[in-house]
Amino acid sequence: MSSPVKPSSPPVKFWRDPAKRALLFQLVLLCAVTAFIGFIINNTLNNLSTRGITTGFGFLDDPAGFAIAQSLIPYAETDTYGRTFVVGLLNTLLVSFLGIIGATLLGFVVGVARLSPNWLIARLASAYVELFRNLPLLLQMFFWYFAVLRTLPGPRDSLSLNDSAFLNVRGLYLPEPIPGAGFHWIWLALLLALTLSFWLIRFNHRRQEATGRRMPAWWISAGLIVALPCLTFIGLGAPLEWNYPELRGFNFRGGMTIIPEFLALWLSLTVYTAAFIAEIVRSGIQAISHGQTEAAHALGIKDSLTLRLVIIPQAMRVIIPPLTSQYLNLTKNSSLATAIGYPDLVSVFAGTTLNQTGQAIEVIAITMLVYLTISLLVSFFMNWFNNRMALVER
């Protein structure tokens, strides 16, 4: 006996289908956003044309006509606005990179110190975090610049270190290394040492997983990185000279100068961001079960090795995601440098260049694109590093 045929369900109307209805709403919203952006662009171009303001990026080839206090590449007042953009970008990358390194090292030290069994060390670390985390960054920047660095003595009364380094109100003057002929072989030796050290650490890790035995690969790598370039340096006859700063008239000449604006910005970014990183490190360590520490002690592992080999590697999986946000914040906070006159991208390009050329749309668009690109690159690298540190299921 054949089974009865089920009646087919009637087709669902368009407005009663959630998928089709959602797709329609998305298309309508996309058209509305596109029309709004088109209206803004058209209105802006009409206003610029009415006021006789030209658009485009041709201004980047015009001579800038102003000096910049710090430049990592050769720069003169006769150079173009395009070169001022490069100078400002390099200054921003420099202070951001050094700030990330300094804040990471200081933040990890303070974060671990907050969990120290020593009462005084733990309280000092807590006081540091509560103090610098709750003070505005701009206020700290003013403190380091006006209350600390601007109160230093003049060039004639500079603070001296062995008559080689000098610190005064105009900056920090250090000896400048001048490489001689054949110095590139030292860089190649350093690169070779880093490559061998990387291979040695990976080999030691695989050997430990296979046999349970391990060698002091980190100490060997550190010695290799130091010894190989030094031996190459000595073998080449020390091809390096030093240009020492000398007081001539009212200022120092020679050597290399670190301007006070850079010092104030780097100190404020480092100290401020390190307070947040310290809390991230502390919470990451406390997120690891105390049983891990007890198990390590039961095996006779010392406290220092327990922290370095057992707790920190597991805590890094908790620390890295919020650490990425702090790196991004530090990079974007470096734009506050214009408040104390440090020649970063915002001060040099989005400030002086914009005021002289009047190309507000182009200059601001380029500046926004640069910060967006830097943030995306930092996020990409940290996400890659986070994936490398993630647990691998067997």
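This is a predicted model: local features need pLDDT of at least 70, side-chain atom pairs count only at pLDDT 80 or more; totals for chains, interfaces and linings use all residues.
Local features need pLDDT of at least 70 and side-chain atom pairs count only at pLDDT 80 or more, while totals for chains, interfaces and linings use all residues. Residues are numbered from 1 along each chain as its sequence is written, and side-chain values use heavy atoms, with hydrogens and water left out.

**View 1. Helix α2 packs against helix α7.** Here α2 (residues 81-113) meets α7 (residues 260-286) at an angle of about 40 degrees, and their axes lie 6 Å apart. By class, their contact has 18 nonpolar, seven polar and one charged residues. Helices are DSSP runs of H or I with at least four residues, and strands are runs of E with at least two.

**View 2. Four strands form an open sheet.** Follow the order β1-β2-β3-β8, with antiparallel pairing; two strands pair if DSSP finds at least two bridges between them. The edge strands, β1 (159-161) and β8 (256-258), each pair on one side only. Neighbouring strands are turned by 15 degrees against each other on average, direction ignored. Between β1 and β2 (residues 165-168) there are three bridges, and L161 has A165 in β2 as its bridge partner.

**View 3. T353 sits in helix α10.** This helix spans residues 345-357. T353 is buried, with a relative accessible area of 0% (buried means under 20%, with a 1.4 Å probe and protein chains only). Leaving out residues up to four places away in sequence, T353 touches F59, F66, Y81, T84, V348 and G358, where contact means heavy atoms within 4.5 Å.

Technical notes. Axes are lines fitted to C-alpha atoms, for helices over the stretch in contact, and angles run from 0 to 180 degrees between N-to-C directions. Ala, Val, Leu, Ile, Met, Phe, Trp, Tyr, Cys and Pro count as nonpolar, Asp, Glu, Lys and Arg as charged, and the others, Gly among them, as polar. Buried means under 20% relative accessible area, exposed over 50%, partly exposed in between (1.4 Å probe, protein chains only).
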